[in-house]
Amino acid sequence: MESNGIVPLRESAHSPERECPLCGAGSITTDWIRDSFEYGTGDSAVLLEVDLPVRRCGPCDFEFLDHEGERLRHETVCRHLGVLSPAEISGIRKAFRMSRAALADVTGLGEATLGRWENGAVIQNRANDRYLRLLSLPGVMGRLMELAAPERPRQPVAARESRFRILAISDETRAKQGAFQLRLAS
């Protein structure tokens, strides 16, 4: 690694529980390095720094980052933007012992959206970040639960009454549909 100009921050540590994605060997060591990466585009781009665990396979000499490195980069971007990290968002939900579905019902946020934020697939905007931060203030979640309580559970789609009339389609209607064509007006 030092040939790349990267100096390890800590001594190498052996990680027997990891396998090399290239050769499958279990002889992986970890070197912590200071990494600089660019975030943003154009004039708004900034250089961010993070300490990353670089994994190295002894037998094949392959170096790689794993999910932990990606998580650390993502957290660095979140800190730069001043928003909650995925672990902090998940921590808020877990502090109230709620599933994503339950939190979505109480807050009005989408369950899939919460999942994307917690998994680091997407970074929440500033407004949603502030909303999430408010949830952890004393009494806020309880008040939201009270507001959500009178709402009746949603009925399954099949059980809802339709507000639209269902038209019976006759053979005559099908024939007219088959003969219908859009034409360019001259």
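Start by selecting Asp61, which sits in the loop between strands β3 (46-57) and β4 (63-64); strands here are DSSP E runs of at least two residues and helices are H or I runs of at least four, numbered from the N terminus. Its phi is near 65°, a positive value in a residue other than glycine. At 44% relative accessibility, Asp61 counts as partly exposed (buried is under 20% relative accessible area, exposed over 50%, partly exposed in between, with a 1.4 Å probe and protein chains only).

Before moving on: this is a predicted model, with local features needing pLDDT of at least 70, side-chain atom pairs pLDDT 80 or more, and totals for chains, interfaces and linings using all residues. Residues are numbered from 1 along each chain as its sequence is written, and side-chain values use heavy atoms, leaving out hydrogens and water.

Now pick Arg97, in the loop between α2 (86-95) and α3. Here too phi is positive in a non-glycine residue, near 50°. Arg97 counts as exposed, at 78% relative accessibility.

Next, show helix α3 (residues 100-107) with helix α6 (residues 140-148): they pack at about 75°, axes 8 Å apart (axes are lines fitted to C-alpha atoms over the stretch in contact, with angles from 0 to 180 degrees between N-to-C directions). That makes α3 roughly perpendicular to α6 (under 35 degrees is roughly parallel, over 145 roughly antiparallel, 65 to 115 roughly perpendicular, the rest oblique). For the contact (heavy atoms within 4.5 Å), highlight Leu103, Asp105, Val106 and Thr107 of α3 against Met141, Leu144, Met145 and Ala148 of α6.
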